[in-house]
Amino acid sequence: MKKKHEFTAGQTGRLDKIIAENLPDYSRTFLQNIIKSGAVTVNGSIVTQPRLTVKSGDVITLEIAVVSGETVISAEPFEFDILFEDTDFLVINKPAGVVVHPAPGNFEHTVVNALIGRYPAMAQDFAADDAVRPGIIHRLDKDTSGCLAIAKTVEAKYKLGKAFADRKTGKTYLAICRGIPKEPAGVLKSLIGRHPVNRQKMAIVERNGKEAHTSYRVIAQKEIDNIPLALLEVKIFTGRTHQIRVHLSSIGLPIIGDELYGNRNCTFPGVSRQMLHAWKLSLPHPASGEMMTFISPLPEDFEHLKTFICNK
């Protein structure tokens, strides 16, 4: 929950100084990060420069997250493989079975808990931006493994978040599905929204949904123990909840191990989770704008099944 603060500047001066004088419970550095994140308006216009001069009578508005005792995030050991890290952001190889951020009834053993353990200052630095999801720019499902980018500053989160929103990032997954595609490649476009009956699921809908765009190509295919399997390279150009799982299931190619969208037909010996891996992630560096690409090694369970499919 965020609390809105609105006040009128009583004198001419620097924006960060004026805000600090009106909100003495927060440090100047903390408030500067809030300004850089784009969460402050002056006379209704977003400003991102802490040094901006405001005049007496200007109306300043900002929101700061209020965290209840139930949502205080505990610090836990950081045990994830780091694919890249600098002062602005890091990219980790998220294992399957780990939730990205806390949610009601699940406030432990998430990526965010580990982040707070490794970078204690993030809890305070991101308190006004999003105390429950500090640094989180995008998400992966609990049972999806692979590349996950995380901002280390509010400014980096704002810039990376904008890159995702403006579709200036590249997201390539590997998926193992049950069934053989009719075509070697395909494009799937639809609206995706909440399932009308099962509220835990998403579905392709005619209205009240969001645009979803996915493409795929077949890398390899094989029948193993009378079960037809295909290894797909999947690219998503939008970031809807369960997008790949919904789209592939809609054309009769549910992901192996996906109980929600594939039911019992998607079981396979030795597979205990959905075979979906965020393999490659491309994004512009938040400071330099340089395009960077990261590749996440395949986890053992995925590599094992992939080997079976690819071996002739």
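Let's start at His-5, which, once neighbours within four places in sequence are set aside, is in contact with Leu-23, Ile-60, Thr-61, Leu-62 and Ile-64. Contact here means heavy atoms within 4.5 Å. His-5 lies in strand E1, residues 2-8. Helices (H or I, at least four residues) and strands (E, at least two) are DSSP runs numbered from the N terminus. With a relative accessible area of 14%, His-5 is buried; that word stands for under 20% relative accessible area, with exposed for over 50% and partly exposed in between, using a 1.4 Å probe and protein chains only.

Before going further, a word on the model: it is predicted, with local features needing pLDDT of at least 70 and side-chain atom pairs counting only at pLDDT 80 or more, while totals for chains, interfaces and linings use all residues. Residues are numbered from 1 along each chain as its sequence is written, and side-chain values use heavy atoms, leaving out hydrogens and water.

Now step back to the whole chain. It has nine helices and 16 strands, and its C-alpha atoms fill a box of roughly 75 × 45 × 40 Å along the principal axes. Of the 312 residues, 50% are buried. Among contacts between residues at least 6 apart in sequence, 65% join residues at least 24 apart.

Packed helix pairs are described by the angle between their axes and the distance between the axes. The axes of H1 (residues 15-22) and H2 (residues 28-36) come within 9 Å and cross at roughly 120 degrees. These axes are lines fitted to C-alpha atoms, for helices over the stretch in contact, and angles run from 0 to 180 degrees between N-to-C directions. H1 and H2 are therefore oblique to each other: angles under 35 degrees count as roughly parallel, over 145 as roughly antiparallel, 65 to 115 as roughly perpendicular, and the rest as oblique. From H1 come Leu-15, Asp-16, Lys-17, Ile-19 and Ala-20, which meet Arg-28, Leu-31, Gln-32 and Ile-35 of H2.

What encloses helix H3? Strand E8 (89-94), helix H4 (122-125) and strand E9 (145-151) are among the elements that cover its buried residues. Six of the eight residues of H3 (residues 111-118) are buried, so this helix is largely enclosed by the rest of the structure. The buried ones are Val-111, Val-112, Asn-113, Ala-114, Leu-115 and Ile-116.

Further along, Thr-169 sits in the loop between helix H6 (154-165) and strand E10 (170-178). At 15% relative accessibility, Thr-169 counts as buried. Not counting residues up to four places away in sequence, Thr-169 touches Ala-163, Phe-164, Ser-282, Leu-283, Pro-284 and Met-291. The C-alpha atoms of Thr-169 and Gly-262, 93 residues apart along the chain, are separated by 29 Å.

The last stop is Lys-280, placed in strand E15 (residues 276-284). Lys-280 counts as partly exposed, at 27% relative accessibility. Leaving aside neighbours within four places in sequence, Lys-280 is in contact with Gly-170, Lys-171, Thr-172, Thr-293, Phe-294 and Ile-295. Lys-280 and Lys-235 are 45 residues apart along the chain, with their C-alpha atoms separated by 9.5 Å.
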